[in-house]
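Here are some short notes for a first look. Please keep the model open while reading.

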Amino acid sequence: MIMIIGLLVLPLVSFKKKQEQKPNIIFLLADDLRYNSLGSMGNSIVKTPNLDRLASQGTLFKNAFVTTSICSISRASIFSGQNAARHRILDFKTDFTDSVRMNNFPALLKRNGYYTGFIGKYGVGTHLPDIDYDYWKGFPGQGVYFYKDAAGKSIHSTDMMGDQAVEFLKTRDKSKPFCLQVSFKAPHVEDNNPLHNGYLYSPFYENYYNQETIPPPPAGDNKFYLAFPETFRVNAKGIPNEARVRWEQRFSTPGKYQESIKSYYRLVTGIDDALKRIVDELVKKGLEKNTVIIFSSDNGYALGDHGLEGKWFGQNESIRVPTIIYDGRSLQDQHNNDQLVLNIDLAPTILDYAGVPVPASMQGSSLRPLAVGKAPFWRTEFYYEHQYDTEGSKVYLPKSEGLVKLKYKYMRYFNGKDPDNFFYEELYDQLLDPFEVHNLSNSPGMSVLKDQMIQTMKRMRRELK
């Protein structure tokens, strides 16, 4: 009898141990959060103590970028681990094909035994992939900031997503490891809503930052916008650059600037408080020591820099994002990492932590070796592309492509389908000129470097397809 019990019990213990080795994963994605909008990234005004604690106990990637700076295309890259040149989702309408979607990280995790959940803004195409999730609270498009709860009371979307994350942790299938994605709307502006210039925060944060004066951006003077060529500012049909139109709405006066930045920061602090609720629930359920938390943003955001609002273009404010990996199984002491990491690295990273093979179709690399301080050879440059087409629409956004290194960055702007038919070039020494105010593209001493970067950019453009 004892032997029979032993034979029955030992496999169960072994199975339980095997299951415990699979970490739970929580992937938090902000919307339009620029790289320096966290305290841990050098911002002395914004209050983000919980994100800063994640950074101090995990790995803070200080040079994280997106390969395309616009919501839908970047999110397609995050899900698929592919550059836009390969996944070819270049607008807000195109869905993943079924064959591609099945090799995105959420579908792979579910097929490999993970209990999966999605909360918030999906942002790719028009058909929602709820089939890839066991718990689905996603929504199409941009969503709104205020909803009605079950009692009919107004609730801010960030608070609602916090409630849903707690619900997920309470109701999940406890026999499986889980992966929960929380995709915040914040701090994305709510277009066409004049309240707080569109940055609609919860009333709870009304008094936050009231005593602060936000300093102007180093490249915020109007002369920096006027330095762009006329073709960048207005297209052939007389339609002004959409980034300038939005700047007029939200940053064109000192009063608008202060209100917009403070409201933006209030939304960021709301995300930070939602994170605290999630972590508190993990601790309450004894899950914190076997959970990996990854935090990033779909793209950066210009807050009046260069006379612009939004993303799209090649400035660091637009393409650089905060990225943190926290592993509750091995806490670290402020492990910062300066390597060049990308949004296409997030999918293979999540699969790596889950012990799921990374498909050959993914072009990114797992960040896990960097997070544990065992860095292999890593990239020294990447190809940036933004080919969202506004031709025929009521707005104008020039297209762009470039090559980004840690020290130098080359960008070119064009309209139409041929990136080699460009109308404007930029070359910056990012170490000496972090705010990109001295364009070196026409400097004779930089011609050899510029030509080398252009040839590398063209080669990468071909190879990434």
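This is a predicted model: local features need pLDDT of at least 70, side-chain atom pairs count only at pLDDT 80 or more; totals for chains, interfaces and linings use all residues.

1. Which strands pair with β1? One is β8, residues 291-297, in the parallel sense over 7 bridges. Here L29 stands opposite S296 in β8. Another is β7, residues 178-183, also in the parallel sense, over 5 bridges. In that pairing I26 stands opposite L180 in β7.

2. Now turn to helix α11, residues 254-284, and helix α10, residues 242-250. Their axes come within 8 Å and cross at roughly 95°. That makes α10 roughly perpendicular to α11. E248, Q249 and R250 in α10 meet K256, Y257 and S260 in α11. By class, this contact has 3 charged, 2 polar and 1 nonpolar residues.

3. Helix α2, residues 49-57, also packs with α11. The angle is about 65°, and the axes are 7 Å apart. On the α2 side, the contact uses P49, N50, L51 and L54. On the α11 side, the partners are D272, D273, L275 and K276. By class, the contact of α2 with α11 has 4 nonpolar, 1 polar and 3 charged residues.

Notes:
Residues are numbered from 1 along each chain as its sequence is written. Side-chain values use heavy atoms; hydrogens and water are left out. Axes are lines fitted to C-alpha atoms, for helices over the stretch in contact, and angles run from 0 to 180 degrees between N-to-C directions. Helices (H or I, at least four residues) and strands (E, at least two) are DSSP runs, numbered from the N terminus. Angles under 35 degrees count as roughly parallel, over 145 as roughly antiparallel, 65 to 115 as roughly perpendicular and the rest as oblique. Contact means heavy atoms within 4.5 Å. Ala, Val, Leu, Ile, Met, Phe, Trp, Tyr, Cys and Pro count as nonpolar, Asp, Glu, Lys and Arg as charged, and the others, Gly among them, as polar. Two strands pair if DSSP finds at least two bridges between them.
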